[in-house]
Amino acid sequence: MKWACLLAGFLLQSAGVRQNQVTGAVWKPCESRSSCEECIKSQPDCAWCKQLNFTKAGESDSSRCDSEESLRQRGCAISQIQNPKNFLHLDKNRELKQGVEIRGGEEVVQLQPQGLTLNLRPGAPQSFKVRFRRAEGYPIDLYYLMDLSYSMKDDLENIKKLGQEILTALSKVTRSVKIGFGSFVDKTVLPYVSTVKSKLLNPCPTRLDTCQPPFSFRNVLSLTESAALFEKRVSEQSISGNLDSPEAGFDAMMQAAVCQREIGWRNVTRLLVYTSDDTFHTAGDGRLGGIYFPNDGHCHLNEGGVYDRSTYYDYPSVGQLAQVLSANNIQSIFAVTEKIYPTYQELSRLIPKSAVGVLTSDSSNVVQLICDTERGSRVCVRERESERERVRGGEHAAVHAQCLMTPCCLSPPLLGISTPQNLSSTIYLDPLQLPAGLSISFDSHCGNHTVHGQRRGECTGVKIGQEIIFTVTVTSTECLTGSQHFTIKPQGINEELQVTVTTACNCDCRDEDPSSQHCSHGNGTLHCGVCSCSKGRQGRLCECQLSGDDASDLQQSCRAGNHSALCSGHGRCECGACLCDKNRGGAHCECDHSACPRHNNTLCGGNGKCSCGQCLCSQGFTGEACECSAANTSCVPEAGGELCSGNGSCVCNRCHCREGYIGRHCQTCINCKTDCQSYESCLLCELGGGHCESECKGALRREVQKLPDDTCILDNVIFSVIPPKEEGSAVLIEYMRRMSPPSTLTIVGGSVSGVVFIGLLLIMLYRIIVFFYDRQEYRRFEKARKCEKWNKDDNPLFINATTTVMNPNFEES
């Protein structure tokens with residue numbers, strides 16, 4: 001989320017837009033306004049030039065409203081610029097004073113300043129510093145509020161002895177202490193207490209005990225400096241009883257807080273110590289007893305100090321109680337037993353400036369809790385360190401006994417208790433009654449660290465005498481009516497800073513001049529450099545008279561054509577010239593200065609100026625909508641390297657990756673080849689005996705007898721690609737030839753070919769044998785013929801088969 005916010009802020013600044021850090025409101029660049037007051041109210045950086053003759057002929061008076069820098073560049077004198085600034089005046093600024101620094105009856109001062117006045121311009125934040133230093137020895141009022149239900153019987157005996165111990169412990173950290181005592185049980189109606197007459201008189205569960213009648217809250221002793229009186233009044237108390245587990249503790253705390261006069265609270269540090277061994281009733285529980293009216297937050301103590309309207313008003317809510325305690329600067333300490341500690345710990349998170357501690361079973365460590373809460377490490381730490389050293393030395397039993405007699409010395413490691421966080425070590429600075437239309441934020445400078453942008457100032461771990469500083473930023477989001485007031489107050493401290501706020505929403509031009517000579521010799525009233533013309537007059541200086549034929553001629557010159565509208569319908573005609581409406585321009589207002597292309601829903605991307613439908617980009621930006629940055633910084637990886645990692649092109653300061661590459665800098669390849677695939681062609685070329693420099697890209701090749709396990713396989717070759725070990729060296733390809741096992745097709749093909757070959761061979765062999773056999777037989781036949789004896793020459797039995805016949809009719813001539 002943080003990077004997303006930074007990116008959004010960068011885009012806003014790139015678009016010429018800035019954001020108010022306090023309110024989050026987005027302020028756009030200054031826009032023209034037709035009057036000085038409208039200009040001042042529009043944006044916190046808008047200024048108005050009241051210089052006479054500042055505007056040019058045909059230029060609208062709204063052009064007087066611009067940024068101060070722009071007005072100065074256009075020739076407006078600094079003395080003629082109306083640009084109200086924030087103003088701060090310290091009304092009361094007494095220096096911080098500790099208790100030891102007080103002279104002649106002066107009061108302790110812990111907060112500085114005490115009063116100031118702000119004159120704010122809407123949208124412009126104003127910061128000031130508030131200093132705070134917790135005074136040493138600041139007076140303390142402590143009111144002890146105890147649960148007197150029957151389960152607290154054994155605790156009451158210890159409480160009766162606490163007066164002198166509490167005063168002794170707190171006197172070590174302050175010069176003035178007052179202590180008071182109050183008690184509570186529950187509302188005296190069913191189902192909270194038994195309404196049987198005998199039980200109302202003696203609510204103890206057994207007849208052997210005597211209890212006082214139940215009550216909701218009683219102020220037993222108002223704040224006093226007398227420990228003896230505290231012990232005397234508390235010793236007169238007896239236990240009481242009720243039916244259910246929760247008690248009327250919230251009723252008691254509410255009355256103790258709002259009954260300022262009856263309790264005797266002073267304007268000093270106020271502590272309310274609440275002890276109980278059970279939970280509490282809250283708003284809505286009263287309906288079980290037929291009590292429907294919500295708590296009114298007012299004091300209802302009778303002459304005996306008893307809350308006599310407990311059966312009329314419901315219990316207060318947690319929020320109501322938190323508000324009352326905060327408003328009356330009362331810090332709460334909940335001293336409760338271990339079983340209900342988690343409940344009160346959650347309650348403490350909802351009540352400002354409160355703490356929770358764990359009581360022992362008989363409340364014997366209550367002084368320890370009070371001391372730890374108010375004094376923290378200033379005195380007890382020294383006692384505890386000494387105590388721990390002695391415990392390490394084997395004096396555990398003796399130290400334990402001694403600590404029980406020493407206020408503010410009981411050690412959590414020894415007694416097994418939890419001490420609350422030191423209330424004085426956390427400082428909250430709250431804005432109270434902040435008027436509508438104002439926003440406020442705090443930067444808390446807490447010693448060695450600073451926390452920015454808080455809704456209230458907050459510093460933890462602040463020691464007594466340590467000065468801390470808060471930077472308070474106030475912004476007016478609108479024009480306020482008259483003077484408004486609010487207070488900045490540290491919680492639990494009766495000091496405050498009163499802030500008065502007014503707003504600067506008007507121009508103090510001081511040039512009001514009816515019938516001014518500047519306005520064409522008395523034909524108008526001059527105010528803030530602008531002429532308001534009298535009836536029948538017109539023009540920047542009221543120089544034109546609207547009557548007769550002259551008026552028609554003047555209007556005709558404001559038309560682009562005979563049948564076109566005056567000033568194209570986007571302006572007014574004054575003295576024959578068009579004064580165009582906002583975002584229009586040209587001789588006849590024909591240009592629309594808001595019709596340019598947009599980027600990110602911003603005209604010209606916020607990086608240029610729209611002029612008659614076309615963007616005139618600022619330096620460093622290009623594109624139809626000035627959406628492209630001429631820089632290429634975003635296209636270069638943070639670790640350095642090529643533009644878009646060499647896998648794309650930089651367009652508008654953004655990488656457009658080639659196909660197959662992704663990532664902000666095109667650093668990730670989707671379908672890229674592996675090392676094995678990349679060098680297959682190289683190895684095939686190498687085995688083929690060709691020139692392989694182009695295929696191998698400079699890689700070295702070497703045939704070896706053995707390769708590592710992570711190898712690549714290509715046909716009957718195994719190879720490995722070894723990356724370069726040093727910068728500038730080449731890739732090494734090691735390969736080893738292998739006999740690849742024949743495939744099934746090879747085996748089948750070979751077998752069939754072998755059978756056919758053998759068959760043909762046998763046939764050929766058979767034919768050769770037959771051929772030679774026939775030749776041999778023929779030679780034998782020829783030889784036999786030559787050797788035969790029976791022929792026509794020597795065989796008398798041989799008669800020629802030819803017969804000769806003579807034709808008698810044939811006569812030889």
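In this predicted model, strand β8 runs parallel to strand β22 (residues 497-503), and the two are joined over 6 bridges. Within that pairing, T117 stands opposite T500 in β22. Strand β8, which covers residues 115-120, also pairs with strand β6 (residues 87-92), here in the antiparallel sense and over 5 bridges; L88 has L118 of β8 as its bridge partner. Strands of a sheet pair through backbone hydrogen bonds, and the pairing may be parallel or antiparallel.

Another group of strands forms an open sheet, in which 5 strands follow the order β7-β9-β20-β17-β18 with antiparallel pairing. Because β7 (111-112) and β18 (449-454) stand at the edges with a single partner strand each, one side of each is left without a neighbour in the sheet. The partner of β7 is strand β9 (residues 126-133), with 2 antiparallel bridges between them, and L111 stands opposite F132 in β9.

| Strand pair | Sense | Bridges |
|---|---|---|
| β8 and β22 | parallel | 6 bridges |
| β6 and β8 | antiparallel | 5 bridges |
| β7 and β9 | antiparallel | 2 bridges |

What lies in the interior? The largest nonpolar core has 36 residues, and those with the most contacts inside it are Y143, L145, F334 and Y344. Several elements supply at least two residues each to this core, including the strands β10 (140-147), β12 (217-224) and β13 (269-276), and the helices α10 (318-327) and α11 (341-350). The largest share, 7 residues, comes from α8. Apart from this core lies another, of 27 residues, among them M146, M152, A227 and V273. In soluble globular proteins, nonpolar side chains tend to be buried together.

Helix α8 itself is mostly covered, since 10 of its 10 residues are buried because each has under 20% relative accessible area. Among these buried residues are G249, F250, D251 and Q255, as well as A252 and M253.

Which residues surround T224, beyond its neighbours within four places in sequence? T224, which lies in strand β12, is in contact with V177, K178, I179 and L229. T224 counts as buried because its relative accessible area is 13%, which is below the 20% limit used for that term. A polar atom of the T224 side chain lies 3.2 Å from the backbone nitrogen of S226.

For the chain as a whole, there are 20 helices and 44 strands, and 41% of the 813 residues count as buried. Among contacts with a separation of 6 or more, 61% join residues 24 or more positions apart. The accessible surface comes to about 44,900 Å², and 52% of it belongs to carbon and sulfur atoms.

Finally, how confident is the prediction, on average? The chain averages a pLDDT of 79, and 81% of the residues score at least 70. Over residues 1-17, however, the pLDDT is below 50, and this stretch has 11 contacts in the model beyond near neighbours in sequence. Residues 375-423 also stay under 50, although the model has 88 contacts for them beyond four places in sequence. Where pLDDT is low, the predicted coordinates should not be read in detail.

Terms used:
Residues numbered from 1 in each chain as written. Predicted model: local features only at pLDDT ≥ 70, side-chain atom pairs only at ≥ 80, totals over all residues. Heavy atoms only, no water. Core = buried A, V, L, I, M, F, W, Y, C linked by side-chain atoms within 4.5 Å. Buried < 20%, exposed > 50% of the residue type's maximum accessible area, 1.4 Å probe, protein only. Helix = DSSP H or I, 4+ residues; strand = E, 2+ residues; numbered from the N terminus. pLDDT = per-residue confidence, 0-100. Contact = heavy atoms within 4.5 Å. Polar contact = N/O pair within 3.5 Å; in protein donor to acceptor, adjacent residues only side chain to side chain. Pairing = 2+ DSSP bridges. Areas by Shrake-Rupley, 256 points an atom, 1.4 Å probe, with all protein chains shown as cover.
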